[in-house]
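Subject: Model handover and notes

Hello,

Here is the model we talked about. Please look it over with the notes below beside you.

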Amino acid sequence: MKVPFVDLNTLNSQLKDELQDAVAAVIEQNDFILGRSVEAFESSFASYVGRAHCVGVNSGTAALHLALLAMGVQAGDQVITTPSTWISTCWAISYCDARPSFADVDPTTGNLDPVSVEKRINERTRAIVAVDLYGNPSRLDMFGELAASRGIALVDDACQAHGARLLGRPVGSFGDIACFSFYPAKNLGGFGEGGAVVTDDPEVAARLRRLRDHAQERRHHHTELGFNYRMDGLQGAVLSVKLRYLDGWNTARRRAANRYLSELAGIPGIVLPSETPGAKSNWHLFVIRTQNRDAVRQRLSEMLVETGVHYPVPVHLQPAYAHLGYHRRDFPESERLATSCLSLPMSPVISPEEQDRVIEALSLAAREAA
Ligand SMILES: *Cc1c(COP(=O)(O)O)cnc(C)c1O
């Protein structure tokens with residue numbers, strides 16, 4: 001019996017009838033691009049994250065690109081972000097012809113370190129992009145104050161953090177603008193690509209709506225360089241159904257995370273994840289650290305426990321970003337995270353028996369690798 005890394009089949013089969021009805025309605029209405037189902041989802045998701053506006057797009061990457069454009073990021077600007085992220089965070093900066101400026105991460109959470117961020121702000125800095133890594137909120141309260149005091153924008157890459165909370169507020173409600181991804185394996189995932197940008201500013205929201213649809217002011221009248229970043233009607237319909245289950249799913253993930261935390265405590269050579277003070281992670285990923293990561297991972301795979309590595313190469317060391325001129329040891333905490341991180345099986349439907357298998361296999365593998 002294999003323990004899968006995520007189990008989307010079981011999750012989707014629980015909602016099969018509801019999802020099929022929602023999809024059938026889109027087919028009947030011929031609302032394949034934007035349309036009623038997307039509008040309905042946008043309005044529910046905006047209230048879910050406590051924002052006035054939500055603009056649905058066709059990926060988290062597109063959401064980040066449009067968010068930075070809407071914040072006025074331009075060629076030659078500098079945008080501070082973390083090297084410990086999925087690379088889209090940085091693609092979006094580059095798509096605006098701006099330059100990613102990296103800061104190091106906090107060794108306990110892997111999220112951007114506020115002290116390191118503050119040191120990097122200069123006269124060319126236009127924005128900070130914080131990432132809520134693994135679904136654990138970064139210090140969005142501190143970055144919000146910092147950005148406001150320096151007259152720059154705070155963009156939250158919340159692509160992993162649907163339903164997470166910080167200081168009693170939903171993630172998505174912090175900063176000038178926040179971005180989500182609905183990639184199938186995220187805590188809220190569609191049946192294909194999807195994303196959203198949320199903001200309280202009505203003018204920013206209106207510009208985002210134009211930009212995602214070829215920058216049309218009205219049909220065939222294009223006000224600036226536009227994009228085809230529209231959300232599919234089918235995704236809107238599927239996401240509206242799934243949004244109703246998100247809090248329950250996150251509670252199930254939290255239960256599983258707490259079980260891992262208590263059962264794995266005390267295994268030598270394993271460092272367990274911790275939440276930002278005042279935060280409730282959505283436990284998108286459960287990431288431990290271990291010195292002999294590759295050996296441990298290999299043993300787990302032999303014992304049929306599927307794991308992941310998020311992420312093996314920090315962005316400043318990716319060949320695509322060699323032109324920025326960063327080197328090994330520039331961001332030691334981020335680099336340590338990359339070599340030691342190991343993501344364990346996690347989903348709302350992971351069973352106690354499956355978790356027992358992971359726990360048993362991991363204690364064995366850790367002992368062997370020590
Ligand atoms: C998933 C993800 C994205 C990109 O989302 P896509 O929908 O795959 O384009 C961006 N940033 C982070 C941190 C992510 O995890």
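Gln235 sits in helix 9, which spans residues 233-264. Helices here are DSSP runs of H or I with at least four residues, strands are runs of E with at least two, and both are numbered from the N terminus. This is a predicted model, where local features need pLDDT of at least 70 and side-chain atom pairs count only at pLDDT 80 or more, while totals for chains, interfaces and linings use all residues. Residues are numbered from 1 along each chain as its sequence is written, and side-chain values use heavy atoms, with hydrogens and water left out.

Back to Gln235. Its relative accessibility is 5%, so Gln235 counts as buried. Buried means under 20% relative accessible area, exposed means over 50%, and partly exposed lies in between, with a 1.4 Å probe and protein chains only. Gln235 touches Gly190, Phe191, Gly192 and Glu193, leaving out residues up to four places away in sequence. Contact means heavy atoms within 4.5 Å.

Helix 9 also holds Gly248. Gly248 has a relative accessible area of 45%, so it is partly exposed. Between Gly248 and Ala46 there are 19 Å in space, C-alpha to C-alpha, and 202 residues in sequence.

- Ser181: a polar side-chain atom lies 2.6 Å from an oxygen atom of the ligand.
- Lys186: a polar side-chain atom lies 2.8 Å from an oxygen atom of the ligand.
- Gly60: a polar backbone atom is 2.8 Å from an oxygen atom of the ligand.

On its own the ligand has 380 Å² of accessible area, and the protein covers 93% of that. Accessible areas come from the Shrake-Rupley method with a 1.4 Å probe, and for residues only the protein chains shown count as cover.

The ligand takes up the space of the largest pocket. A pocket is an open set of points on a 1 Å grid over the protein atoms alone, where a 1.4 Å probe fits, with protein on both sides within 12 Å along at least five of seven lines. A molecule sits in one if more than half of its atoms lie within 2 Å of its grid points.

Asp97 follows helix 5 and has a positive phi, near 60°.

Gln160 deserves a stop. It lies in the loop between strand 5 (153-157) and strand 6 (165-166). Its relative accessible area is 6%, so Gln160 is buried. The side chains of Gln160 and Tyr311 make a polar contact of 2.9 Å. A polar contact is a pair of N or O atoms within 3.5 Å; within protein, one must be able to donate a hydrogen and the other to accept it, and residues adjacent in sequence count only if both atoms are side-chain atoms. Beyond four places in sequence, the contacts of Gln160 include Asp132, Lys186, Asn282 and His284.

Tyr311 is in the loop between helix 10 (293-302) and helix 11 (332-340). The peptide bond from His310 to Tyr311 is cis, with omega near 15°.

Ala215 is not a glycine, yet its phi is positive, about 55°. Ala215 lies in the loop between helix 8 (202-212) and strand 10 (216-218). It has 0% relative accessibility and so counts as buried. His220 is not a glycine either, and its phi is positive at about 70°. His220 lies in the loop between strand 10 and strand 11 (221-222). Its relative accessible area is 59%, so His220 is exposed.

Last, Ile80, in strand 2 (residues 78-81). At 0% relative accessibility, Ile80 is buried. Ile80 and Ile128 are 4.8 Å apart, C-alpha to C-alpha, and 48 residues apart in sequence. Beyond four places in sequence, Ile80 touches residues including Ser101, Val117, Ile121 and Ile128.

Best wishes

Notes:
1 Å grid on protein atoms, 1.4 Å probe; cavity = no way out; pocket = protein on both sides within 12 Å on 5 of 7 lines; lining within 4 Å.
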